[in-house]
Every structure is written in C-alpha cells, then in structure tokens.
Amino acid sequence: MLRSYHPWLFLLLLSTTSPAAELFLIAHRGGVVDADHIENSRPALEAAIRRGYSMLEVDIRESRDGHLVVHHDQDFQRFYGDPRRVSEMTWDEMKQLRSRVSALRPLSFAEYAAACQGRIRLMLDTKGRQGPRFSQQLESILKDCDLLNSAYVLGADRSKQALHRKAKVSINRVNLRKAIKNGEPVDQLYFLFELGAKLDKEIIDLARQHQVVVVAAINTFRYPPEQHRRLAAEDIRRLKKLGVTHFQIDSVYEADCRKTESDSK
C-alpha cells in the first residue's frame, strides 16, 4: 500500500511512525562540514546523505545579475580568498572562483537542488538582498526538483511570506502562541525553531500538543568556543529527554545526537 504514496509522504510517515527513523538530523550550512568539506558544497551534501541525515539547511543569496547562489557569508573571503560580496558579483564571475579546499566553485541553487532531488529534503535559509524575482525563482526551482512541499523555510521574512502555505515556515514561541489563539492550522503551516539552549519543557509540550514539529538548533557559533562540546552535549541530552527528535546541527555534534540512553550510562 505504501508504494502508492507520494515519496515525501512516505518519508514523513517514516519520520513520525518508525522507531528506527525517530531521530531527524538537519545538516547546518549545507551538509557535513569539516576539514575536508566546505560549507554548502557538493561533497558536504553527499557526505550528509551517506551518513543518514534527513534534511540539509542551505544558505541562499542572490548575485548581482539575479542568480540564486548557495553561499552563507556576504563575501567569498573565508573559503575562496576573494573579498568581493555575493551581491556585487555576477554568476559568471563566481564560476571562476575556486575554493582553497578541493578547488571547488560555488554552486547555484538550481544545481544544489537538483543534487538533492529524490534523495534528501531542504531547509532554506535565505539571506541578503532579494530582487523582485528572488522568491519566484526559489519556488520554481523547488517545484522542478519536487522539493517544495517537503521544505522548511527560515531566513528573510519576504521568502517566508512567499512560501507560506506552500512549505512549512519557522515560527518562534511568541508567534506560535498567537497563531494557536487565532485558530490557525499550526501543524500544517509551521515548525517551531529555536536555539537548543533556549527550548524548555513548557514550549515543547505546547508544540507537541498542537502537533507542531520542534526543531532545536545546535550550532557551534552559539556557544562559548572553549565550552561548546560540553554545553551542546548537555542541551542535546536534555532535549531528547523532553521528546525533541529534530535537530539542526553542525556535524561536530552528530555523535552526541546519535547516542542512545544506554550509550550515556
């Protein structure tokens, strides 16, 4: 019977009903990022798929000539050694860049989405200036790759508004309470997205009562550098005990997320 379902419905059923698929990991900044894999790259994407992540959080910006590009920072200094900003460069200029690791060029969002089609879902973090065709292009690429209905949307309010009721968009605790009070179908429209350190039992219980997915962000830059491993591990253990199963993580925390109760004893 399951064969007749849409592929993403099948994935949703697995993530909500199968004990083996209870943990839902979202790879921050486009995949597994380490000394061998740079952010938002094809190798990082492929590594995340191989390691069983359920979703990729990908950063999207717009070039000077209106192309959607997969890149986190405002400029290309950190990985490509080029101080020019994404918004100052054309897509043809960006294609000439090569990263210090593996000599890769930046990816367009169309290329990135095509690599994900039928393989893994996307969490979109739209950044920077957005021209009049940004949201239209974003939606068109997602539709072409059959990724729209299963997507989660963060980032700029303009993108969240454009994709509202087409994909699930992030909501904080204040606005979740308002949406519930207003009678919105919150389970269909939103996911609760907050820093792992700030999530507490009260808001987690409220979200679960209304069948809203809770996503905890466990990111390196949110913790003091000298304590990030310990504090992140503590947050992950606490949140798992409270029933949280969805974690948006930097890959350094993957092992902590995958630990079972027996591993910790």
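Visitor: How many disulfides does a search of the whole structure find?

Guide: This is a predicted model, in which local features need pLDDT of at least 70, side-chain atom pairs count only at pLDDT 80 or more, and totals for chains, interfaces and linings use all residues. Residues are numbered from 1 along each chain as its sequence is written, and side-chain values use heavy atoms, with hydrogens and water left out. A disulfide is a pair of cysteine sulfur atoms within 2.5 Å. By that criterion, the number found in the whole structure is 0.

Visitor: How far is the sulfur of cysteine 257 from the closest cysteine sulfur?

Guide: Cysteine 257 is buried, with a relative accessible area of 0%. The closest cysteine sulfur is in cysteine 116, and it is too far for a bond. The distance is 20 Å.

Visitor: Is phenylalanine 191 buried or exposed?

Guide: Phenylalanine 191 belongs to strand S10, which covers residues 190-195; strands (E, at least two residues) and helices (H or I, at least four) are DSSP runs, numbered from the N terminus. Contact means heavy atoms within 4.5 Å, and, leaving aside residues up to four places away in sequence, this residue touches several others, including Met123, Tyr152, Leu154 and Val213. Its relative accessible area is 0%, so phenylalanine 191 is buried.

Visitor: What separates the C-alpha atoms of phenylalanine 191 and aspartate 144?

Guide: These two residues lie 47 residues apart along the chain.

Visitor: What radius of gyration does the chain have?

Guide: The radius of gyration is taken over C-alpha atoms, and the globule rule is 2.2 Å times the number of residues to the power 0.38. For 265 residues, a compact globule would have a value near 18 Å, and the chain agrees with this. Its radius of gyration is 18 Å.

Visitor: What percentage of the residues of the chain count as buried?

Guide: The chain contains 12 helices and 12 strands, and its C-alpha trace spans about 50 × 40 × 40 Å along its principal axes. Of its 265 residues, the share that counts as buried is 51%.

Notes. Buried < 20%, exposed > 50% of the residue type's maximum accessible area, 1.4 Å probe, protein only.
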